Amino acid sequence: MNSTQLKILLADDDKDDCGFFHDALQQLPIETTLTTVSDGEQLMNYLAENKEKLPAVLFLDLNMPRKNGFECLSEIKQDEKLKDLPVVIFSTSDSRDKINSLFKSGAQVYIRKPGDFEQLKEVIHHALPIATEKRGHAVNSLKYILNA
């Protein structure tokens, strides 16, 4: 693996959505490597086992079995070794209350899953630099909603 590749973790139980996400990444002008997990427990186990080599960004679906995205986000942001992991919520929900709650819990970017492949490529391409931007020690108060 090339060391300049951006390591991306996708937590989503929908196999079709994972496939579209993978295909969209392949068409972007960014070198990436994608790891997928299909439920919240797998996600938390993966992060626990890889705390020393975390992905550059986590794309997190909210509606997953065994442990949902809200629970995972809360656990991630309360863990000293995981709390700085950039989290992009990747969901079908467009509830403003839910989105605001996610931002308060530590999500940096919210993407409403698009139904169109070209839109998917576009929102991923826009989300990656926002989520992975180095912010130093300052708490970034800017939150981004894409495609909502």
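Predicted model: local features only at pLDDT ≥ 70, side-chain atom pairs only at ≥ 80, totals over all residues.
A residue counts as buried under 20% relative accessible area, as exposed over 50%, and as partly exposed in between.

Figure 1. Residue E122 belongs to helix α5, which spans residues 117–132. With a relative accessible area of 49%, E122 is therefore classed as partly exposed. The C-alpha atom of E122 lies 8.7 Å from that of A24, although 98 residues separate E122 and A24 along the chain.

**Figure 2. Pairing of strands β4 and β5.** Strand β4 comprises residues 87–91 and strand β5 comprises residues 109–112. The two strands run in the parallel sense and are joined over 4 bridges. Within this pair, F90 is placed opposite I111 of β5. In a regular strand, side chains alternate between the two faces of the sheet.

**Figure 3. The β-α-β unit containing helix α4.**

**Figure 4. The protein chain as context for the close-up views.** The protein chain contains 5 helices and 6 strands. From the N terminus, these elements follow the order β-α-β-α-β-α-β-α-β-α-β. Of the 148 residues in the protein chain, 43% are buried. Among contacts with a separation of 6 or more, 70% involve residues 24 or more positions apart. The protein chain exposes about 8,000 Å², of which carbon and sulfur atoms supply 46%.

Note on methods:
Residues numbered from 1 in each chain as written. Heavy atoms only, no water. Buried < 20%, exposed > 50% of the residue type's maximum accessible area, 1.4 Å probe, protein only. Contact = heavy atoms within 4.5 Å. Areas by Shrake-Rupley, 256 points an atom, 1.4 Å probe, with all protein chains shown as cover. Pairing = 2+ DSSP bridges. Right-handed = clockwise from strand over helix to strand, strands pointing away.
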